[in-house]
Amino acid sequence: MKTKLKIHRNRIEALSYDIVALLERRTRLAHKVGEIKKELRMPINDPAREQELLDRLISSTTLPPELVKAIFNIIFAHSRGIQVDQAS
C-alpha cells in the first residue's frame, strides 16, 4: 500500500514540476506581450480579456470555478506586474 502511495505522490510531484515549467513559459510570453503593448501604447490592464479567458477556462474543466478563478487571478496579477515593470 505504501508503494502505491509513493507512486502517486511521485506522479503528483512530477506534475507540479510540469506546472512550474508551464508557468515559466507563460511568464516569458507575458513579458513579450508587455513589450508589444508598450510599443503600441496599449494599457497593461485588460479586464475584459482576462474575464473572457477565465470564462473559457472555467467552462473547459470540471474543477471548481472558484479554484480556477483563484489560481488565474494570481497568474493574471503576476503577468500584469511583469508588464508594468516593462512600461516603467
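Let me start with charge. The protein carries 16 positive and 11 negative charges, and their mean positions lie 7 Å apart. In this count Lys and Arg are positive, Asp and Glu are negative, and His and the chain ends are left out. Each charge is placed at NZ of Lys, CZ of Arg, CG of Asp or CD of Glu.

A word on the source. This is a predicted model, where local features need pLDDT of at least 70 and side-chain atom pairs count only at pLDDT 80 or more, while totals for chains, interfaces and linings use all residues. Residues are numbered from 1 along each chain as its sequence is written, and side-chain values use heavy atoms, with hydrogens and water left out.

Now the overall layout. The protein has three helices and zero strands, in the order α-α-α along the sequence. Helices here are DSSP runs of H or I with at least four residues, strands are runs of E with at least two, and both are numbered from the N terminus.

Next, the surface. Of the 88 residues, 18% count as buried. Buried means under 20% relative accessible area, exposed means over 50%, and partly exposed is in between, again with a 1.4 Å probe and protein chains only.

On to helix 1, which covers residues 2-40. His-8 sits in this helix and is partly exposed because its relative accessibility is 45%. From His-8 to Leu-22 is 14 residues in sequence and 21 Å in space, C-alpha to C-alpha. Lys-38 is also in helix 1, and at 46% relative accessibility Lys-38 is partly exposed too. Lys-38 and Leu-5 are 33 residues apart in sequence, and their C-alpha atoms are 49 Å apart.

Arg-41 lies in the loop between helix 1 and helix 2, residues 47-59 being helix 2. The phi angle of Arg-41 is near 55 degrees, which is positive in a residue other than glycine. Is Arg-41 buried or exposed? Arg-41 is exposed, because its relative accessible area is 76%.

Helix 3 spans residues 65-87. The structure holds one aromatic pair. The ring centres of Phe-72 and Phe-76 are 6.0 Å apart and the planes meet at 55 degrees, so the pair counts as tilted. For the cut-offs: rings of Phe, Tyr and Trp (its six-membered ring) pair if their centres lie within 6.5 Å, and planes under 30 degrees apart are stacked, over 60 edge-to-face, and the rest tilted. Phe-72 and Phe-76 are four residues apart in helix 3, so about one helical turn separates them. Both are buried.

Ser-79 is in helix 3 as well, and Ser-79 is buried, because its relative accessible area is 10%. Leaving aside residues up to four places away in sequence, Ser-79 touches Arg-26 and Ala-30. A contact means heavy atoms within 4.5 Å. Across the protein, taking contacts between residues at least 6 apart in sequence, 66% join residues at least 24 apart.

Last, Ala-77. This residue is in helix 3 and is partly exposed, at 38% relative accessibility. Ala-77 and Arg-56 are 21 residues apart in sequence and 18 Å apart in space, C-alpha to C-alpha.
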